[in-house]
Amino acid sequence: MASSLHSNNTQICPNPTALNGGSAADGNSQISKKPRLYADPPPLFIPSDIISEFSHHDPAVARINNGSFGCCPSSVLSAQNQLQLQWLRQPDDFYFNQLQPKIIQSRTIIKDIINADHVDEVSIVDNATTAAAIVLQQIAWGFAEGKFCRGDAAVMLHYAYGAVKKSVEAYVTRAGGYVIEVPLPFPVSSVDGIVKEFRQALRRGKQNGRKVRLAVIDHVTSMPTVVIPVKELVTICREEGVDQVFVDAAHGIGCVDVDMKQIGADFYTSNLHKWFFCPPSVAFLYCKKSTNNSDLHHPVVSHEYGNGLAIESAWIGTRDYSSYLVVPKVLEFINRFEGGIEGIKKRNHEYVVEMGQMLVKAWGTRLGCPPEMCSSMVMVGLPACFGISSDHDALELRTCLRDKFGVEVPIYYRPPKDGEEGGVVTGYARISYQVYNKVEDYYKFRDAINQLVDNAFTCASLPIS
Amino acid sequence: MEHEDPRNGESPHRSSKKPKFSSNYIPESEIRDEFCHHQPRVARINNGSFGSCPGSVLAAQRRWQLQFLRQPDAFYFNTLRNGITASRMIIKDLINADHVDEVSLVDNATTAAAIVLQQIGHSFAEGKFKKSDTVLMLHCAFQAVKKSIQAYVTRAGGSVVEVRLPFPVNSEEEIISEFKKSITEGKSNGRKIRLAIIDHITSMPSVVIPVKELVRVCREEGIDQVFVDAAHAIGSLKVDVKEIGADFYVSNLHKWFFCPPSVAFLHCKKANASSDVHHPVVSHEYGNGLPIESSWIGTRDYSSQLVIPAVLEFVNRFEGGIEGIMERNHEQVVKMGKMLAESWGTNLGSPPEMCTAMIMVGLPSRLCLNSEEDASRLRSYLRDCHEVEVPIFYQVPKDGEDGVRDNDGCITGYVRISHQVYNTLDDYEKLRDAINQIVKDGKTCKMLCIE
């Protein structure tokens with residue numbers, strides 16, 4: 001499978017057989033490129049279609065950071081523009097007759113993809129940051145209204161996303177909650193280490209008669225990126241009597257398997273603009289139907305307050321809701337790849353592992369986790385000779401790669417632990433793979449780093465900003 | 001397109017009946033072009049609800065959007081923050097604020113209300129305020145704001161006092177008098193009024209409130225904080241936050257200031273801009289001050305906040321700039337309001353000096369508009385069968401009061417007409433004729449057929 005990366009042309013082909021004249025299996029090579037409207041589904045994409053769909057990306061940049069801001073194909077952008085124009089054309093009519101049915105349509109598609117029971121469980125919001133505020137605000141009320149005792153705990157991962165940590169501070173700590181961070185090893189070698197730390201953190205949370213009111217668990221951590229065994233951790237939470245479990249899967253849909261019933265969390269959020277080809281920005285927040293969580297509200301309160309989170313979130317004042325409405329068009333786009341979203345996920349994962357291994361071999365470093373613990377992103381160790389010794393160094397190196405080498409990739413500073421010898425890897429790049437990437441992107445990165453090594457580059461030599 | 005030479009100005013049509021433009025200013029034909037994306041044939045006399053945005057500003061917005069999509073990381077690190085600061089600087093000058101730190105950009109007035117009310121809610125929850133302390137608001141405050149008060153104040157244990165303003169209204173004194181009465185009520189039994197929320201221009205029914213005077217009264221009466229909800233203000237009337245003197249002042253920019261949906265500014269007087277005002281969507285910048293917090297609330301499309309320079313370019317193509325636009329909108333909407341009232345034999349909801357670019361016009365009593373459903377039905381009927389878009393207000397008759405009458409009965413319904421630069425006389429004649437037709441056909445609201 002991976003060998004398709006090195007086929008005759010340099011473009012990574014989503015459907016290698018089509019390149020070689022088509023096979024009986026798909027029979028698509030003779031079909032016109034225009035999607036047909038009736039019986040047959042539109043043909044699968046060929047490489048030039050992909051290039052065209054992402055022709056608005058800066059061609060001079062090796063864009064290997066899909067994880068931060070995602071991407072959106074031009075056919076979806078066109079659909080979005082149509083919706084924006086529809087609103088501008090006659091906003092009152094759109095508001096009264098079109099907006100709500102279209103949001104319900106998007107919610108229904110998401111419900112099916114994530115295997116939720118009922119569309120009421122699916123709300124659409126701007127992004128995972130907003131979803132976190134929604135979940136955490138109800139925790140704050142729990143403290144304020146005396147449902148919880150001061151000192152009751154909330155547990156989150158040490159590698160939780162910065163914005164979520166701030167939200168926990170704003171809503172939980174401020175309201176009197178006690179916050180416990182689960183330290184995780186990195187580099188990580190197996191899920192066992194994660195599970196062990198998590199159990200210990202829960203035990204700490206329950207000391208002195210405290211109750212653990214909420215566990216916030218990333219499905220795929222951001223920096224450094226690792227896939228967390230959420231299903232297992234949710235099970236442990238239930239065993240240990242944790243009130244509510246909130247899975248922050250900002251990188252979830254299109255990146256890992258998202259099956260709400262399987263995972264079993266109370267709340268689950270994922271961005272759709274990161275790995276699901278939506279324009280900025282849109283996310284879903286899943287809330288399992290139960291009496292425990294009927295009190296969620298969108299913090300921007302409008303006319304629909306009290307009518308359920310999904311309805312509240314569908315109108316939070318006048319704004320551009322077009323990104324919420326293009327989900328049907330995105331599904332059309334995805335289904336023009338072999339295997340749909342599952343196929344894309346699988347290939348992204350395979351290629352990012354292959355590229356990661358290519359890089360660590362070229363640089364003599366290591367991956368941050370075993371292949372089975374990464375998704376469409378992987379942490380790749382940078383040469384120790386760079387002497388990355390702070391977050392500032394990491395950011396400066398990133399800027400240098402962008403400005404001088406045309407490579408866009410986030411860098412993570414991993415502080416050395418006590419007892420670690422010199423020459424340990426302290427910097428990791430988080431490379432992503434998405435359908436628009438090609439092997440040249442990663443060669444460009446490989447060569448940039450090799451050149452810096454040849455030039456005896458160190459972070460100490462970077463200008464102090 | 002947006003830099004087309006305006007020197008070849010055309011003379012206006014009969015249908016626009018606008019003052020002749022100097023040839024340096026945007027000609028009529030270009031105004032039509034700028035709004036050619038509006039649905040033709042619809043008499044769009046409801047700018048107040050969702051606003052409008054000219055083609056040249058939409059084009060500027062597209063450019064910003066494409067810049068982000070092209071290389072989002074570079075945009076995030078190098079461009080976004082400066083673009084937002086540039087927009088905030090323009091607003092600061094427009095509203096006569098002292099310092100750009102006082103100006104935050106948020107999605108809309110609804111978001112600003114949540115910001116202000118959340119800090120009030122915290123104070124109740126954290127025991128800074130007593131449970132009996134009150135929040136004062138107008139009875140006709142925007143529904144979303146009322147819900148926000150419920151969510152953040154009532155839920156946290158605070159009480160609410162509503163100021164009942166008369167409508168139709170005849171003078172500012174009537175408003176000030178009712179306001180003072182409510183303050184007395186709010187302070188009764190030793191209670192403290194922690195916040196007064198005052199609309200600058202009420203929504204339904206629409207009336208300009210003498211906010212400067214009311215803020216002064218609030219200070220005299222020892223009210224902790226004043227929040228002016230001026231959703232309709234900027235681009236509609238002059239906004240001078242120093243003059244008005246409120247602690248918080250919010251206005252939407254997409255209603256009357258030609259921004260795309262959606263963007264608003266929230267002004268926080270520096271002295272009171274305690275570090276305790278936060279955006280409810282908490283992100284990396286939490287604790288760095290509201291303007292900085294609001295400039296990053298997660299990945300999203302911030303382009304509507306970045307086009308304010310392009311909007312300034314647009315309004316400055318009009319004679320007198322935004323002031324000229326405001327003046328002419330006001331003149332025209334009053335003229336059209338009077339034309340309608342005369343044709344229908346009804347009234348205006350307020351004197352001309354208490355309205356800006358919107359005015360309430362009484363509907364003939366023969367329509368028998370006797371409920372919210374009737375108002376809704378009439379609005380849909382006008383949209384579907386007459387291609388007229390205008391919001392309708394149902395005036396609940398006061399007990400024991402007769403209210404305003406026309407020749408046939410009590411006036412219980414009002415239209416809220418707006419005037420913006422794209423409107424023409426045709427739009428209002430269409431409404432006039434539609435209502436006259438319904439009355440002539442002997443139909444009441446309940447009898448109207450809609451899909």
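Biologist: How many salt bridges cross the interface of domain 1 and domain 2 of chain A?

Modeller: One, by the rule, which takes a Lys or Arg side-chain nitrogen within 4 Å of an Asp or Glu carboxyl oxygen. This is a predicted model: local features need pLDDT of at least 70, side-chain atom pairs count only at pLDDT 80 or more, and totals for chains, interfaces and linings use all residues. Side-chain values use heavy atoms, with hydrogens and water left out; residues are numbered from 1 along each chain as its sequence is written, chains are lettered from A and ligands numbered from 1 in the order written.

Biologist: Which side chains meet in that salt bridge?

Modeller: D257(A) and K345(A), at 2.7 Å, N to O.

Biologist: Where are the domain bounds in chain A?

Modeller: Domain 1 is 44-59 + 338-461, and domain 2 is 82-330. The bounds come from an automatic or database domain assignment.

Biologist: How much area do they bury?

Modeller: About 2100 Å², 68% of it on carbon and sulfur atoms. That is accessible area (1.4 Å probe) lost when the two parts are put together, summed over both. In domain 1, K345(A), M373(A) and Y412(A) lose the most, together 29% of what that side buries.

Biologist: Switching to chain B. What are its domains?

Modeller: Domain 1 is 59-312 and domain 2 is 320-447. Their C-alpha centres lie 29 Å apart.
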